[in-house]
Amino acid sequence: MPYASHLEALEAEAIYIMRETIAECERPVMLYSIGKDSSVMLHLALKAFAPEKPPFPLMHVNTTWKFHEMIEFRDRRVAETGMELIEYINQEGLAAGINPFDHGAAYTDIMKTQALKDALDTYGFTAVFGGARRDEEKSRAKERVFSFRDANHAWDPKNQRPELWNLFNTQVNAGESVRVFPLSNWTETDIWQYIQQEGIPIVPLYFAKERTVVERDGQILLVDDDRFRFLPGEKPVQAKVRFRTLGCYPLTGGVRSDADTIDAIVAETLGATTSERTTRIIDYDGGSASMEKRKREGYF
Amino acid sequence: MASWQHSTNVEREQRSLLRFVTCGSVDDGKSTLIGHMLYDAKLIFADQAQALELDSQAGSAGEGKLDYALLLDGLAAEREQGITIDVAYRYFSTEQRSFIVADCPGHEEYTRNMAVGASNSELAVILVDATKGLLSQTYRHVRICALVGIRHYVFAVNKMDLVDYDQAVFEKIEADIATLMEEHASLSCAVIPTSAREGDNVTATSARMPWYTGEALLPYLEQVDVGTSSGEQGFTLPVQRVCRPDPSFRGYEGTVATGSIRVGDTVRVLPSGTSSKVASVLVAGEPADAATQGQAVTLTLADELDISRGCVLERESAAQASTLFVTTLLWMDDAPLVAGKNYLFKLATQTVPGTIYEITHKVDATTGKRLAAKSVAKNEICSCRVSLGRQLVFEPFAQNRTLGSLILIDRITNATAAAGTITHKLSRSDNLTYHQMDVTRQLREEALGQRARTLWFTGLSGSGKSTLANAVEQRLHAQGVHTMLLDGDNVRLGLNRNLGFTEADRIENIRRIAEVAKLMNDAGLVVLTSFISPFASDRRRAAEIIGQDSFVEVYVSTPLEVCEQRDVKGLYAKARACEIPNFTGISSPYEPPERPDIVIDTSTESLEDAAERIVGMVLGDA
């Protein structure tokens with residue numbers, strides 16, 4: 001294909017995927033996690049449907065443990081773009097005091113996986129855009145762009161629908177749905193270069209800054225609010241850190257960095273020696289097949 | 001030789017993208033080859049390398065060797081069984097290019113997954129084990145890759161270390177490859193001797209094979225020109241959707257399939273044949289003067305025409321509309337293809353129901369020989385003739401990948417049953433002989449896109465059977481399901497007018513209803529019957545006539561007191577006054593079903609909820 005650059009090829013592919021979804025699927029929604037991939041996905045949606053506003057709502061499954069700067073950024077972007085935002089919080093889990101300090105893997109299951117399934121059931125969405133990329137993790141490397149989910153939101157990795165050329169089979173029966181990944185073929189570097197090229201707004205946490213942190217088991221955790229639990233002997237320290245991925249602040253590690261501009265981030269990413277998911281504590285529970293297992297149970 | 005230093009931003013922006021597929025079995029060292037490319041080139045991250053070393057210790061590679069394949073086999077089942085089931089995508093870049101690698105399973109059972117990886121690739125790297133030479137799977141892989149449109153091939157004759165880097169072994173295999181490619185004369189081809197395990201000719205030219213003067217694999221991939229055919233192609237744009245934010249703007253969204261277009265150009269709309277001039281062009285949402293192949297655009301036209309998703313805008317192309325064509329299919333469904341079956345054909349942005357009316361022949365994937373065939377099994381290739389219910393706009397695949405490729409969707413299971421490419425159009429005069437076949441219930445069901453069955457509503461008079469059956473039928477009809485409701489009104493007054501209320505007549509009444517329901521099921525319809533049918537033996541006979549698989553017993557269990565209280569037709573009052581003899585529930589028993597498929601109590605569940613529940617069951621397991 002005669003594209004000016006590989007980024008233009010990836011952009012055209014993502015726009016095509018989004019348009020197919022909106023043209024063929026009955027109740028689409030975009031899962032908006034506020035991170036850089038979501039920011040790119042939203043930017044692509046604005047381009048894909050211009051001059052029309054993207055004809056679907058955004059949905060944020062809020063665990064109530066997100067960095068506060070994420071929530072501020074989310075509300076600002078929603079106001080700027082005029083997109084409809086659905087915020088979903090697992091109220092039962094909230095009432096039961098489920099939190100990442102005491103409940104470990106159960107926290108992720110209840111406040112993220114279960115909450116997502118409940119949210120999708122509540123609103124009856126049949127197609128859900130997600131910002132996952134195949135370069136993130138081994139089981140994701142095998143997932144289709146249109147990833148079929150049964151009525152229990154489960155993924156069957158051994159029996160995926162064949163997906164040839166750019167012909168997507170979007171047919172689902174009642175209760176079933178598809179997860180759609182327009183950024184499947186993007187790498188972390190592509191995401192950063194595209195943010196740089198297009199000037200896409202991102203959460204300030206991505207930029208290095210002096211922050212109040214705790215170092216624990218090789219991870220740098222941000223003391224984001226007074227709910228943070230210090231282990232015996234732990235003292236908060238000041239350090240210049242930034243975050244390569246964003247999620248729940250007690251589960252997301254930062255990295256020491258001086259990269260405080262987008263150019264510096266891109267330069268740093270090009271020389272990166274660890275993949276970005278190492279700063280996500282969530283992947284390490286249960287060994288190398290843990291992401292696949294969670295996905296089979298309905299996690300994004 | 002490429003430098004592995006990371007390049008600066010400016011250079012990266014101008015890099016091209018190459019999508020390639022790797023074919024071969026795990027035994028050929030296919031995953032090892034890609035793993036080694038990434039590892040050698042430091043293109044895997046430190047934590048992945050560390051995980052790899054840990055996995056290798058635990059795994060089968062042994063003797064402290066790295067098992068590079070573990071980098072790629074991502075699914076738990078694959079790691080357990082040591083095989084590749086599904087295509088895995090890997091990403092890396094050098095100064096020259098960004099690469100998307102589709103690493104495909106080699107095993108015949110997973111041919112369809114290989115086709116998935118190949119279909120979006122511009123080039124295929126075919127692994128050949130130097131100790132074994134060409135295998136039947138080599139021929140199959142090339143044929144599948146060629147079928148889905150790959151024009152450029154690199155054969156990596158691997159495991160050269162195991163044949164002592166012997167030139168003679170390589171040259172013998174090279175000659176076999178030349179013979180193999182004779183059949184695919186229009187495709188480009190290179191042959192490189194490698195050792196994926198030892199890293200010979202993978203990223204750098206090997207000193208151990210001085211007799212080989214060509215490039216190593218990676219430098220070759222960095223430079224190979226995979227430019228698509230001539231720039232002389234006409235313009236085609238399948239319309240994905242219409243953008244109408246307000247009455248003043250009407251834009252047609254889509255990705256340019258071939259050619260290019262400028263503001264002011266005249267375009268024709270297919271299949272309608274109307275035309276207009278391009279008034280404006282947006283490329284990825286930004287105003288532009290022109291757009292070219294592969295770009296995601298929004299076009300507005302000078303005239304208001306009737307254009308919707310599925311239409312094709314074209315200029316000087318060979319796109320045409322027809323209901324008849326010949327296609328080459330790769331069958332992918334577990335259920336075999338039989339002529340006469342009805343499918344949804346999805347091509348570009350069009351989805352049209354149609355029938356494969358004739359299987360012309362099968363193609364042996366290894367030898368390429370044509371074989372006569374009545375049916376086609378999973379992973380087999382065939383040529384067949386298709387007749388559609390509506391016109392489809394297409395071009396032969398050789399000219400237009402987008403307008404020449406299609407998938408078949410099973411109308412009942414929704415499975416992607418096959419992938420195909422259009423060879424050419426057929427006209428009515430092309431000796432159209434419909435395949436000898438019986439039009440069976442299955443074929444009728446498929447034509448209607450539904451599974452026929454009988455919902456047998458049973459319950460007391462006044463329990464709400466008919467109201468419920470009506471509500472269910474309305475909902476099914478609204479969802480496009482073809483239905484028929486049988487109740488007292490249309491059966492007792494007509495077909496069964498001559499029957500009274502004796503035991504013999506009662507049995508005959510149910511028998512006739514069941515036989516009519518069965519005929520309608522055979523016609524592909526979903527039948528709803530609403531009769532008190534109080535006796536278990538009668539319902540059992542009905543189930544036997546209709547067939548247990550099609551018989552769905554819906555027990556409307558509303559309690560007698562509630563039914564009597566409602567007494568819509570005043571029948572209970574008459575029965576209590578002994579004006580009606582043998583009235584079910586009063587003077588004659590009602591035998592509740594022992595194992596109904598669904599139970600509805602209309603005194604505790606709303607009509608809407610109950611109807612939705614039944615509809616959900618009917619559509620859910622369709």
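Analyst: A contact here means heavy atoms within 4.5 Å. By that rule, residues 24 or more positions apart account for 71% of the contacts in chain B with a separation of 6 or more.

User: What kind of model is this, and how are things numbered?
Analyst: This is a predicted model, in which local features need pLDDT of at least 70 and side-chain atom pairs count only at pLDDT 80 or more, while totals for chains, interfaces and linings use all residues. Residues are numbered from 1 along each chain as its sequence is written, chains are lettered from A, and side-chain values use heavy atoms, without hydrogens and water.

User: Which domains does chain B have?
Analyst: An automatic or database assignment gives domain 1 (9-223), domain 2 (235-315), domain 3 (320-445) and domain 4 (450-620) in chain B. Eleven residues from domain 2 of chain B and 13 residues from domain 3 of chain B take part in the contact between these two domains.

User: How far apart are the centres of domain 2 and domain 3 of chain B?
Analyst: Their centres, taken over C-alpha atoms, are 29 Å apart.

User: And how many salt bridges cross that interface?
Analyst: The rule, a side-chain nitrogen of Lys or Arg within 4 Å of a carboxyl oxygen of Asp or Glu, finds zero salt bridges between domain 2 and domain 3 of chain B.

User: Changing topic, how much of chain B is buried?
Analyst: Of the 622 residues in chain B, 55% are buried, meaning under 20% relative accessible area with a 1.4 Å probe, protein chains only.

Methods:
Buried means under 20% relative accessible area, exposed over 50%, partly exposed in between (1.4 Å probe, protein chains only).
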